[in-house]
Amino acid sequence: MELLLNVKEKGILPVICFFIFICVLVLSGCGRQEEENLQTEGQPSGGGGYYTLETKVTDVINDPVFEDYGRLIFPVDRTIDDNLTLQDVGEILVWYHNVNPNRTVEIVNYLKDQAASGEQIFYDIYTEEEKAEDPEKENTGLFFFRGEPGAKTAVLNAGGGFVYVAAMHDSFPQAMELSEKGYNAFALIYRPGADTACEDLARAIAFLHENAEELQIDMTDYSLWGGSAGARMAAWLGSYGTAAFGEDDYPAPASVIMQYTGLSEVTGNEPPTYACVGTNDGIASYRSVENYIRRIKNNGTDTEIEVFDGLQHGFGLGEGTVAEGWINNAVDFWERNMGQTE
């Protein structure tokens with residue numbers, strides 16, 4: 001009755017406007033609720049939802065979903081400020097260029113997704129007894145970027161001048177790309193230092209051979225990848241073999257994939273080798289890389305080199321640069337050398 005009196009006294013238009021206003025409030029509330037549901041549905045269960053560019057690196061490291069290996073996602077040998085965010089990770093990756101913050105966020109979210117869904121993404125390569133005898137071995141292991149079950153395997157080694165391990169830019173992105181192509185990819189976290197790094201890579205190769213069935217990977221025609229110092233590791237293991245670094249003698253890789261390293265010694269035992277480098281690299285001269293590849297080729301071994309105009313050291317995947325897509329050429333090189341090893 002009161003409403004009818006108001007309509008008679010004030011006219012129907014204000015009442016209609018009032019009802020429209022109420023409807024808008026209700027509908028907008030429902031819309032917000034739906035949006036909130038969409039934002040939370042399917043998020044990792046490790047706590048805190050998905051990471052963003054503004055997420056602090058320490059929040060990723062300390063996320064319970066990563067148990068006690070979260071510290072190894074970022075360089076343990078670099079000082080990480082409590083306020084450093086994912087968009088600024090390039091600040092701690094000395095000697096590297098073209099660090100892609102969006103790729104960093106993609107990688108940590110991928111790792112969190114995998115861990116939260118129950119997949120094992122990190123593997124120790126040393127036993128508890130070995131780590132107790134040498135505590136530095138605590139900071140080693142393999143991050144697994146899964147491809148197709150039973151697919152071929154790549155082992156990736158980031159650089160960092162044998163001072164730290166720049167996995168977030170120099171091995172994780174490449175590993176993710178390879179896994180998306182169906183390959184099983186492992187990124188090694190090793191002890192800095194040329195000798196210890198090679199020992200850790202030899203152990204990683206042994207571990208993968210010994211556990212291939214459980215991991216559902218094929219170690220026949222595996223490849224070794226590396227950038228900068230990591231490229232030296234890949235080349236040394238390819239040339240000298242695992243036995244030279246304290247492990248049993250396992251087969252040589254089908255291919256070594258190298259980025260921007262100034263390695264010069266050629267043994268004559270090099271596996272097929274692909275290399276790429278930039279012309280403005282002040283650490284690894286492209287002329288030196290060209291000479292290195294030429295000498296391997298002169299020994300009758302398959303080689304390939306790509307030199308990218310204007311690029312500096314440590315360009316990683318080279319996203320947004322003239323080098324973008326090099327990884328596809330490297331995979332083609334690896335594939336054509338499969339089945340060639342004895």
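The model is predicted: local features need pLDDT of at least 70, side-chain atom pairs count only at pLDDT 80 or more, and totals for chains, interfaces and linings use all residues. Residues are numbered from 1 along each chain as its sequence is written, and side-chain values use heavy atoms, without hydrogens and water.

**Sheet**
- An open, mixed sheet holds 8 strands in the order S1-S2-S4-S3-S5-S6-S7-S8. Strands are DSSP runs of E, at least two residues; helices are runs of H or I, at least four; both are numbered from the N terminus. Pairing takes at least two DSSP bridges between two strands.
- Strands S1 (122-123) and S8 (303-308) are the edges, each pairing on one side only.
- Strands S5 (residues 218-227) and S6 (residues 255-259) run parallel, joined by 5 bridges.
- Trp-225 stands opposite Ile-257 in S6.

**Packed helix**
- Helix H11 (residues 286-298) packs on the sheet and touches S6, S7 (273-278) and S8. Contact means heavy atoms within 4.5 Å.
- The direction of H11 makes about 165 degrees with that of S8. Axes are lines fitted to C-alpha atoms, for helices over the stretch in contact; angles run from 0 to 180 degrees between N-to-C directions.

**Residues**
- Val-163 sits in the loop between strand S3 (152-157) and helix H6 (167-170). Val-163 is partly exposed, at 44% relative accessible area.
- Gln-114, in helix H4 (residues 101-116), is buried at 18%. Buried is under 20%, exposed over 50%, partly exposed in between (1.4 Å probe, protein chains only).
- Beyond neighbours within four places in sequence, Gln-114 contacts Glu-119 and Ile-121.

**Surface patch**
- Trp-95, Val-163 and Ile-283 make a nonpolar surface patch of about 290 Å². Patch residues have over 30% relative accessible area and no salt bridge; like charges are joined within 9 Å, nonpolar side chains (Val, Leu, Ile, Met, Phe, Trp, Tyr) within 5 Å. A salt bridge puts a side-chain nitrogen of Lys or Arg within 4 Å of a carboxyl oxygen of Asp or Glu. Areas come from the Shrake-Rupley method with a 1.4 Å probe; for residues, only the protein chains shown count as cover.
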